[in-house]
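Try each task before you read its solution.

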Amino acid sequence: MSACESQAEKKADAAEDQVEREAALSASAAGNAEAALGLTERQLLDANLVTQDGSELGDIAQIQRDANGGVTGFLVEIEDSKPDRFVVVPLTGLTVRSHGNDRDLQTNMSAQDLAKLPEVRLSSP
């Protein structure tokens with residue numbers, strides 16, 4: 001299958017892998033410390049971005065921080081985007097939605113609102 005991938009697709013995959021590695025290392029270093037919304041960094045990275053009715057909008061790929069280390073938002077991979085599309089969703093307006101042991105981040109945004117956000121281009125390692 002990888003033989004069929006274009007050079008651009010390979011670079012995009014490598015960039016996504018790098019984001020995932022960086023996010024995992026950051027979550028590991030943060031441990032059980034609360035990062036935002038009462039959740040740890042690992043819990044935030046395991047969350048999905050969902051609408052008020054629970055429909056999935058995307059996956060949290062990375063936590064965005066300001067110069068002081070405070071969480072300002074999340075890099076989100078938009079659900080079912082081909083090729084994968086990433087946007088930054090601000091922390092403001094997000095709430096935690098729990099179902100069983102799972103926690104997601106709920107937004108007032110629709111899929112159309114999310115699609116209007118500027119795309120974040122991931123750079124290859």
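**Exercise 1.** The side chains of which two residues meet in a salt bridge at 2.7 Å, N to O?

*Solution.* The structure is a predicted model. Start with the side chain of Arg-65, which meets that of Glu-41 in a salt bridge (2.7 Å, N to O). Arg-65 lies in strand β4 and Glu-41 in helix α2 (residues 41-46). The pair links distant parts of the chain, 24 residues apart. Last, check accessibility. Arg-65 has a relative accessible area of 36%, so Arg-65 is partly exposed. Glu-41 is at 4%, so Glu-41 counts as buried. The cut-off for buried is under 20%.

**Exercise 2.** Find the network of salt bridges around Glu-119.

*Solution.* The structure holds three salt bridges. Take Glu-119 with Arg-85: the closest N and O atoms are 3.7 Å apart. This pair also links distant parts of the chain. Glu-119 is in the segment after α3 (111-116), while Arg-85 is in the loop between β5 and β6, 34 residues apart. Now take Glu-119 with Arg-121, whose closest N and O atoms are 3.6 Å apart. Compare accessibility: Glu-119 is partly exposed at 34%, and Arg-121 is exposed at 69%.

**Exercise 3.** Is strand β5 (residues 71-78) largely enclosed or largely open?

*Solution.* Begin with one pairing. Seven bridges join β5 to strand β4 (residues 56-65), and the two run antiparallel. β4 and β5 form a hairpin with five residues between them. In its turn, Gly-69 has a positive phi of about 90°. Then turn to strand β6 (residues 86-90). Five bridges join β6 to β5, again antiparallel. Here Gly-73 has Pro-90 in β6 as its bridge partner. Finally, look at burial. Six of the eight residues of β5 are buried, so β5 is largely enclosed by the rest of the structure.

**Exercise 4.** With which side chain does the side chain of Gln-106 make a polar contact?

*Solution.* Locate Gln-106 in strand β8 (residues 102-106). Its relative accessibility is 16%, so Gln-106 counts as buried. The side chain of Gln-106 makes a polar contact with the side chain of Arg-97, at 3.1 Å. Now widen the view, leaving aside neighbours within four places in sequence. Gln-106 is in contact with Val-50, Thr-51, Gln-52, Gly-93, Leu-94, Thr-95 and Arg-97.

Technical notes: Residues are numbered from 1 along each chain as its sequence is written. This is a predicted model: local features need pLDDT of at least 70, side-chain atom pairs count only at pLDDT 80 or more; totals for chains, interfaces and linings use all residues. Side-chain values use heavy atoms; hydrogens and water are left out. Buried means under 20% relative accessible area, exposed over 50%, partly exposed in between (1.4 Å probe, protein chains only). Helices (H or I, at least four residues) and strands (E, at least two) are DSSP runs, numbered from the N terminus. Two strands pair if DSSP finds at least two bridges between them. A polar contact is a pair of N or O atoms within 3.5 Å; within protein, one must be able to donate a hydrogen and the other to accept it, and residues adjacent in sequence count only if both atoms are side-chain atoms. Contact means heavy atoms within 4.5 Å. A salt bridge is a side-chain nitrogen of Lys or Arg within 4 Å of a carboxyl oxygen of Asp or Glu.
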